Amino acid sequence: MDQEFMAQVETKVVAPTESPERGAAAMQLKGVAVSFHGRVAVRDCTFDVTKNRVTSLIGPSGSGKTTLLRALNRLHDLTPGAKVAGQILLEGTDIYRGDITVTELRTRVGMVFQRPNPFPTMSIYENAVSGLRFNGVKKKSILDEAAETSLKSAALWDSVQSRLKVAASNLSGGEQQRLCIARALAMDPEVLLMDEPTSALDPIATLKIEELMTELKKRVTVIIVTHNMQQAARISDDCAFLLMGEDRAGELIEFDTTEKIFNNPIDPRTLDYTLGRFG
Amino acid sequence: MSDMTELVEPVETGHQMRDEIRSISERSRARRQVRSRIMVVLCALALLVTAVPLVLLLFQLFNRGLPVVLHIGFYTQLPQTPSLIAPNATGGVSNAILGTLVLTLYASVMAIPVGVLVGVYLAESDSKLAATLRVISQTMAGAPSILMGLFAFSFIVRDLHVGFSAIAGSFALAVLMLPVIVISSEIAVRGVPHTLREAGLALGAKPHKVSMKIVLPAAVTGIVTGIILAISRAIGETAPVLLVIGGGYINSWKPLDPVSALPLSIYENAKSEWPSLRTEVWGIALVLVVFVFVLSLSARIWASRKQQAR
Ligand SMILES: Nc1ncnc2c1ncn2[C@@H]1O[C@H](COP(=O)(O)OP(=O)(O)OP(=O)(O)O)[C@@H](O)[C@H]1O
Ligand SMILES: [Mg+2]
C-alpha cells in the first residue's frame with residue numbers, strides 16, 4: 001500500500017513556480033501529497049508561501065484544499081490512516097522530520113477554522129489567552145497585554161473591552177470568528193492558516209475580516225482557503241489553484257500571483273474555474 | 001415556437017399532480033382524523049395507567065410518613081426497641097441518616113475520581129485496554145447489586161479482616177456507582193465537538209492539556225448528571241449494604257465502625273412485630289425519597305444554569 005502510494009506521488013512532478021523577486025519564503029511545499037488509508041486526497045503540491053503576503057488556495061469542493069492546509073500545521077497527525085508525503089519547510093526546517101516539535105510548529109503556525117469555534121466554557125478574555133495558557137504562560141501582566149493586543153488586532157477590542165469576563169458564546173458569529181483570529185494571533189504566529197474563515201458569516205462580518213487580513217499581513221503570512229473568487233481576488237497576493245484529476249485526487253494545477261491566475265493563467269482550466277465555467 | 005410548447009407542457013402536468021395530490025389528501029383527511037382521535041384516547045389511557053400507581057404511592061408515602069417525620073426526635077434520636085409499657089417508643093433513625101450520608105460520601109470519594117478518569121480515557125483512546133475496560137464497565141452496570149455486597153463481604157469484611165463497617169458498605173456502593181459514572185462520562189466526553197479539540201491542538205496544546213482544559217470542562221454537565229444519577233442509585237440500594245455495614249446502633253462517621261443506612265432501617269423495621277416500628281418505615285422512606293429528589297433537582301437546576309451560561 002505504502003509503495004503504491006509513493007509511486008503514485010512520484011509519477012508527476014510539477015515544476016515549482018519560483019519567483020525570486022517576491023521575497024523570502026515563510027513556508028515551502030515540495031511535492032506535498034496527503035493520503036487517507038492509501039487513497040490520495042491531494043498531491044503534487046509544490047509552491048512557496050512568501051512572507052507578509054496573503055496566499056489563497058482555490059479549487060472546487062473535494063480538490064483537497066482543507067487537506068493541504070491541515071498538513072501545514074500537522075493536524076493530520078491524529079487522523080488514523082492519514083499520511084503526508086513530500087516536504088514542507090517552515091523557514092527552511094522540515095516540519096515533519098526536522099528539528100521542530102509539533103507543539104512548537106503549531107505555536108508558530110496558527111489556524112482559524114471554517115466555523116467559529118471559541119471554547120464555550122471560557123470567557124472572552126480566557127479564549128484570547130488560551131493558547132498562551134496551554135503553553136505555560138502564567139504571568140497576569142503578560143496575559144493581559146496579549147489579550148489586549150490580540151483583540152485589538154482582530155478589531156474586536158472596542159466592542160468587548162467592557163465585557164471580557166462574559167462567556168464567549170454570547171458573541172455573534174462574526175465576533176466569535178474574530179475572537180478565534182485573536183486567539184490565534186495572541187501566539188504571535190509567523191503563519192496564519194485560514195480555512196474558509198468567512199463562509200459562515202454575513203457580508204458585513206466578512207468584509208471586516210477581509211479588511212483585517214490586509215492589515216494582518218504586515219505581521220504574519222496568511223494562507224487562506226476560499227470558495228469566493230471575489231474574495232481571493234480582493235485579498236490575496238498569490239494564488240494556488242487545485243483540481244481533481246481523473247482518479248478524483250486533488251492536485252495543484254497552477255500557482256502564481258493572484259493577478260496572473262485571474263487575468264492571464266497558463267492552464268485553461270484555471271480560467272474556466274475563476275470565471276465560474278465549471279463546478 | 002417549439003420552445004413555447006416545451007415550456008407549457010411541464011406546467012400543466014404540475015397542475016394535474018397538484019389536483020391529484022389534493023383529492024387524495026381530501027379523501028384521507030377523514031380517515032386521519034378518526035385515527036388521530038383513537039390515538040389521543042390511547043395516550044390518555046396510557047397516562048392514566050402510569051400516573052395512578054404513582055399518585056397512590058406518593059399519597060401513601062406522605063399520608064403515613066408525614067406524621068412520623070414531623071417529630072424532631074426522629075432525626076436526633078437513636079432507635080429504641082418498644083416495650084409493652086411503651087409500645088410507641090421507637091426512638092429515631094439518626095444513625096441511619098448519618099450512616100447513609102457517610103456511606104454515600106465515602107463511596108463518592110472512591111468512585112467519582114476513578115469513574116471520571118476512566119470515562120475520559122475510554123472516550124479518548126482506541127486501545128485494547130480501553131475496549132476491555134468498556135466491556136467490563138458495561139457488564140458491571142448490568143450486574144445485580146447483591147453481587148457487590150457479596151464481593152465486599154467476602155473480600156473486605158472477611159479476607160481483609162476489616163469487619164462489618166462503613167468502609168465495606170461504601171466500597172460496595174462505589175463499585176455499584178463506578179460503571180454508571182464511567183459510561184456517562186464517556187458519553188459526555190464523546191459529545192464534545194471535535195472542532196474544539198482541534199482548536200486546542202492548533203494552539204499548540206498538548207493532548208492531555210486539551211483533555212483537561214477543553215474537553216473536560218465542556219463535558220462537565222453530562223459528567224455531573226451521571227454522578228448524581230449514580231449517587232441517587234447508591235443511596236437507595238439495600239442489597240449491597242445489607243451484608244456488610246453491620247447495622248450499627250450508634251451515630252458514627254468513622255470508616256471502620258459499623259453503621260446503619262436508611263434502606264436497611266426500612267428493611268429491618270418492616271420485619272418488626274411492633275406496629276409502631278412498622279409505621280416508622282414510611283417516615284424513613286419519605287426521608288429517602290426527599291434525599292434523592294433534592295439531589296436530582298439540584299443537579300438539574302445546576303445543569304440548566306450551566307447550559308444557559310454558554
Ligand atoms: N479524514 C479524512 N479521511 C478520509 N478522507 C478524507 C479525510 N479528509 C478529507 N478526505 C478526502 O480528501 C478529499 C479532499 O477533501 P478536502 O476536505 O480537503 O476538500 P476541500 O477542497 O477542502 O473541499 P471543500 O471545498 O468542500 O471544503 C475528499 O475526497 C475527502 O473525502
Ligand atoms: Mg474544505
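Me: Which atoms does the side chain of A:His227 bring close to an oxygen atom of ligand 1, and at what distance?
Reply: In this predicted model, an N or O atom in the side chain of A:His227 is 2.5 Å from an oxygen atom of ligand 1, where a polar contact is a pair of N or O atoms within 3.5 Å. An oxygen atom of ligand 1 is also 2.4 Å from an N or O atom in the side chain of A:Thr67, and a polar side-chain atom of A:Thr66 lies 2.6 Å from an oxygen atom of the ligand.

Me: How much of ligand 1 does the protein cover?
Reply: On its own ligand 1 has 630 Å² of accessible area, and the protein covers 65% of that, with areas taken from the Shrake-Rupley method and a 1.4 Å probe.

Me: And which elements give two or more residues to the shell?
Reply: Those are strand 2 (39-50) and helix 2 (65-71) of chain A, and helix 2 gives the most, with three residues. Helices (H or I, at least four residues) and strands (E, at least two) are DSSP runs, numbered from the N terminus.

Me: Switching to helix 4 of chain A, how many of its residues are buried?
Reply: Nine of its eleven residues are buried, meaning under 20% relative accessible area (1.4 Å probe, protein chains only); among them are A:Tyr125, A:Val129 and A:Phe134. Their cover includes helix 7 of chain A and, from chain B, helix 7 (194-202) and helix 8 (207-235).

Me: At what angle does helix 4 of chain A pack with helix 7 of chain A?
Reply: Helix 4 (residues 124-134) and helix 7 (residues 173-185) of chain A pack at about 35°, with their axes 6 Å apart; axes are lines fitted to C-alpha atoms over the stretch in contact, and angles run from 0 to 180 degrees between N-to-C directions. Residues making the contact (heavy atoms within 4.5 Å) include A:Ile124 and A:Asn127 of helix 4 and A:Leu179 and A:Arg183 of helix 7.

Me: Last one, is B:Ser260 buried or exposed?
Reply: B:Ser260 is buried, with a relative accessible area of 4%, and is found in the loop between helix 9 (239-242) and helix 10 (262-271) of chain B.

Methods:
Residues numbered from 1 in each chain as written. Chains lettered and ligands numbered in written order. Predicted model: local features only at pLDDT ≥ 70, side-chain atom pairs only at ≥ 80, totals over all residues. Heavy atoms only, no water. Polar contact = N/O pair within 3.5 Å; in protein donor to acceptor, adjacent residues only side chain to side chain. Buried < 20%, exposed > 50% of the residue type's maximum accessible area, 1.4 Å probe, protein only.
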